[in-house]
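Please look over the protein shown here, and then read the notes below, which are grouped by topic.

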Amino acid sequence: MKSTQPVQTVRKSKCPDTRTCFNLKGARILIEVLLEERVDTVFGYPGGAVLHIYDELYHVQDRIVHYRSQHEQGAVHMADGYARSTGKVGVAIVTSGPGATNAVTGIATAHMDSVPLVVISGQVPRSLMGSQAFQEVDTIGITRPCCKQNFLVRDASQLATTVREAFRVARSGRPGPVVVDIPKDVAAETAPYSCPGPLQEATVPRAVEIDNDTLMQVVDSLLEANRPIFYIGGGVVSAGASAELRELAEQLSIPVTPTLMGLGAFPSSHPLCLGMLGMHGTYWANMAISTADLILAVGVRFDDRVTGKVEEFGREAKIIHIDIDPGSLNKIIPAHIPICGDAKKILCRILELVAASGPEKEQVQTRRRGWLDQIASWKETTSLTCLHSEEVIQPQYLMRELYRNCHRDAIITTDVGQHQMWAAQYCGLDGPRQWITSGGLGTMGFGLPAAIGAQLGNRGRQVIAMIGDGGFMMTYQELATAVRYEIPVKVVIMNNRFLGMVRQWQELFHDNRRSQVECENPTDFVRLAEAFGARGLRTSDPKTLAEFLNEGFSIPGVVVMDVHVAQVENVYPMVPSGAALRDMVLGPVETAGPQSPKGKHLSDF
């Protein structure tokens, strides 16, 4: 099947006709193409190799707003958060040398999670390339493994075409970051620039040939299965396929389990939602996918944190895999029916074919009651335990109270670690693009700058950075960015004075040898926030936690809420590395066994 490739979108030109041509500096050509692409928000950090670009940005401040980060990593994470929350292509500008290398973590983060970015890097003049000039690095070589595509522009006459292509590549197929490296003298030289021709106001997809025979096989499989399950990922969000997925699940009474990246693509409050699956997924989601006879995987890549022991994953199931990226099909788990294409269009066609099935659909819903009853019994067997104490704030209780007291359409960003997993387990999300997290790369320091970018893309909505004390220390300087531009993000720090997830693994798998994970002299985050001009609050009292969160959320501007929680709590359920999903550890060793016949002790591994 041919994949859907969106055609480039262009704006209505201000030029009188398509023959109009100008001689412009390369930097100005870049700006003109950004305007063509309807870019109005850019993140970055200036430096010597991009001075010509920043000089041109000065002249278009009324049309392109630039937000200067405190570090290039922060700039790219901001562009990432902006892109994930809006569906637009995020744009970042960095200088040569350390500017480009500082940006690599952000580029790799976006690449792993399929986020459309265009990162523009400066480069030393062409005559100095290869001479180890001041602030020279091989940006193309460094970024090649961690971006979708990169370009070195060797002539100003190539700039317009190259940058347009960068946007097309970033947003088409499986989205991803694209790097455009521009030598300083290319940005300074003049070249002809032609305005685009009469323009279309919206993206118009090319015609797609859909293999009806294959789709009929899918529909027949869905109707025949007794224990089907939808396994969905970030590709559903990228494709805008949430509505189609929900309709199909409801029509055929099929339960849905999202990956970490798929949270929000199917409403967490829906009766058919099983919650996240995988290493720290729910017991019932992992049991359901382990015993299903049909798995319809949409927009997923069968990540190791999801599959556990590959040989055991879905071993009883017929697997149908839908993905826009042909490289993801049959890469880890062979599919009985692999389908390459746009998830939204394919689900639409499946819905049409299901509608034509007539009475058979109603019979299927009746037949599936036993499967749904089985899942309900798993939910009764064991559940996510929201621990509560009168003496100390339990992390699970913090996440539950955060969800209870935030807006229903709030956007939540996270770093990586224990707080990320607890937030995924306890913060229900009912809409796509509400959950922004570093999934594939697992980047500490992502949450705060991503929240800033998300807030700028969603003015008026509540944006919360739910982060750990370790990750906060990696990019806390971006508080200055939020305060400077009056970006009212709310930061909730789950402060356990440990690198929590590393400590958990040291405790469980390295005989509790704690090596370099304790924060012996914890930072005063309230005073730190105040030093940046933000409001700082602190609590360790579980009895007043709800009031504390409400107070912080209601204060205008940037607020940092330092929440001290129990120090050595562990994230459960947990599937040890290399184990099958059935072999979950459901709680501490002394209580794991009796909770369920499927629960195991860590000593079993």
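**Briefing: a sheet and a core**

Strand β14 (residues 411-414) and β15 run parallel and are joined by 2 bridges, where strands are DSSP runs of E with at least two residues, helices are runs of H or I with at least four, and both are numbered from the N terminus. Two strands count as paired if DSSP finds at least two bridges between them. This is a predicted model, in which local features need pLDDT of at least 70 and side-chain atom pairs count only at pLDDT 80 or more, while totals for chains, interfaces and linings use all residues. Residues are numbered from 1 along each chain as its sequence is written, and side-chain values use heavy atoms, with hydrogens and water left out.

**The sheet**

- T413 has I436 of β15 as its bridge partner.
- The open sheet has 6 strands in the order β15-β14-β16-β17-β19-β18, and their pairing is parallel.
- β15 (435-436) and β18 (535-539) are the edge strands, each of which pairs on one side only.

**The nonpolar core**

- The largest nonpolar core has 65 residues, a core being a set of buried Ala, Val, Leu, Ile, Met, Phe, Trp, Tyr and Cys residues joined through side-chain atoms within 4.5 Å, with buried meaning under 20% relative accessible area (1.4 Å probe, protein chains only).
- Helix α11 (residues 283-291) gives the largest share of this core, 6 residues.
- V492 is among the residues with the most contacts inside the core, and, leaving aside neighbours within four places in sequence, V492 is in contact (heavy atoms within 4.5 Å) with residues including L398, L402 and M466.

Terms used: Buried means under 20% relative accessible area, exposed over 50%, partly exposed in between (1.4 Å probe, protein chains only).
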